[in-house]
Amino acid sequence: MPKLLLTGVSGFLGWNICQTIPSGWSVVGVYHQTPVTGSTAEVFQLDLTRHTSVTDFIGYHSPDVVCHTAAATDPNWCQQNPEASGAINLDATVFLARLCAQRGIPFVFTSTDLVFDGQKAPYDEDAGINPVSLYGRQKANAEAAILADHTGALVCRMPLMFGNSGPVATSILQGMLKALEQDKPLKLFVDEYRTPVSGQSGARGIWAMIGQEQRGLWHLGGRERISRYDFGLLVSEVFGLPASNIMPAKQAEVTLAAPRPPDVSLRSERAFRAGYQPMNLKEELMAIRAAPSPSNEV
């Protein structure tokens, strides 16, 4: 039985990867600080910034594939904490990829659509990158190092993701539903566009890419380009909640620590042809509502 070593098992994407394990695979998951219960993986604590511990862990478990989803993913926090965020997003990532390269272990890295500046969307895998935030630069630098050092690496650029939460991590959906249910104002950008996908679809896409012979860059975006504002309206429609408190906002009206690109929509046709099949957004949301988690019941 092949074994996947999954970092970031308690994170949103990591949790969804554990919920979509194909038959015949086993998963060993690691977390940094917050233990996760109810996972289908065998779970361990591991500080990825401690290189000796990482080397020993890899040697003991002998994974067939390493999937690295662990990251500091809040762009604003990264912008304000460059050393701490760089230690995990860049230093630990590059070390882990090089270790896998030395041992001949296939390596999967989940990157971000925020490696683009948002000026020439939609972006395919051949588009030039130009991140505007520190988080985006960290991911871009990690991508470059991984692809240079590991010929068997997969870099999967992920879009904005939403869906049922795990026991630890949530997604943008939970915050939206809470505001709508409690009749609180919900300001959403009309001038920021993404190609969102559910965590379940994103996870299945990663499993599909692991089975591909072609290595290198893959985009795992959703099928539809949409603004955050219109996504909020769609959420209210599907979940049967009033949209009266959803208010349009523009990026220029909000001051944030990290700059935000206006449109980082991904073109993912290459992955679609290879077997990545996300549903459209309304179908994704309807499936989530049909099987809600406690954190997004309404």
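Visitor: At roughly what angle do the axes of H6 and helix H8 cross?

Guide: Keep in mind that this is a predicted model. The axes of H6 and H8 cross at roughly 65° and come within 11 Å.

Visitor: Is that crossing left-handed or right-handed?

Guide: H6 and H8 make a right-handed crossing.

Visitor: Which residues make the contact?

Guide: From H6 you have Ile 172, Leu 173, Met 176, Leu 177 and Leu 180. H8 brings in Arg 228, Phe 231, Gly 232, Val 235, Ser 236 and Phe 239. Sorted by class, the contact of H6 with H8 has eight nonpolar residues, two polar and one charged.

Visitor: Where does Gly 175 sit, then?

Guide: Gly 175 belongs to helix H6, which covers residues 172-181. Its relative accessible area is 43%, so Gly 175 counts as partly exposed.

Visitor: Switching topics: how do the axes of H4 and H5 cross?

Guide: Helix H4 (residues 82-103) and helix H5 (residues 134-149) have axes that come within 9 Å and cross at roughly 15°. That angle is why H4 is called roughly parallel to H5. The crossing of H4 and H5 is right-handed.

Visitor: Which residues meet there?

Guide: On the H4 side, Pro 82, Ser 85, Gly 86, Asn 89, Leu 90, Thr 93, Val 94, Ala 97, Arg 98 and Ala 101 take part. They meet Leu 134, Tyr 135, Gln 138, Asn 141, Ala 142, Ala 145, Ile 146 and Asp 149 in H5. The contact of H4 with H5 divides into 10 nonpolar, six polar and two charged residues.

Visitor: I was also looking at Glu 143. Which helix is Glu 143 in?

Guide: Glu 143 is in helix H5.

Visitor: Buried or exposed?

Guide: Glu 143 is buried, because its relative accessible area is 3%, and the cut-off for buried is under 20%.

Visitor: What does the side chain of Glu 143 make a polar contact with?

Guide: The side chain of Ser 111, at 2.6 Å.

Visitor: And which residues is Glu 143 in contact with overall, leaving aside neighbours within four places in sequence?

Guide: With those neighbours left out, Glu 143 is in contact with Phe 109, Ser 111, Val 115, Val 155, Arg 157 and Leu 217.

Methods:
Residues are numbered from 1 along each chain as its sequence is written. This is a predicted model: local features need pLDDT of at least 70, side-chain atom pairs count only at pLDDT 80 or more; totals for chains, interfaces and linings use all residues. Side-chain values use heavy atoms; hydrogens and water are left out. Axes are lines fitted to C-alpha atoms, for helices over the stretch in contact, and angles run from 0 to 180 degrees between N-to-C directions. Helices (H or I, at least four residues) and strands (E, at least two) are DSSP runs, numbered from the N terminus. Angles under 35 degrees count as roughly parallel, over 145 as roughly antiparallel, 65 to 115 as roughly perpendicular and the rest as oblique. A crossing is left-handed if the near helix is turned anticlockwise from the far one by less than a right angle, and right-handed if clockwise. Contact means heavy atoms within 4.5 Å. Ala, Val, Leu, Ile, Met, Phe, Trp, Tyr, Cys and Pro count as nonpolar, Asp, Glu, Lys and Arg as charged, and the others, Gly among them, as polar. Buried means under 20% relative accessible area, exposed over 50%, partly exposed in between (1.4 Å probe, protein chains only). A polar contact is a pair of N or O atoms within 3.5 Å; within protein, one must be able to donate a hydrogen and the other to accept it, and residues adjacent in sequence count only if both atoms are side-chain atoms.
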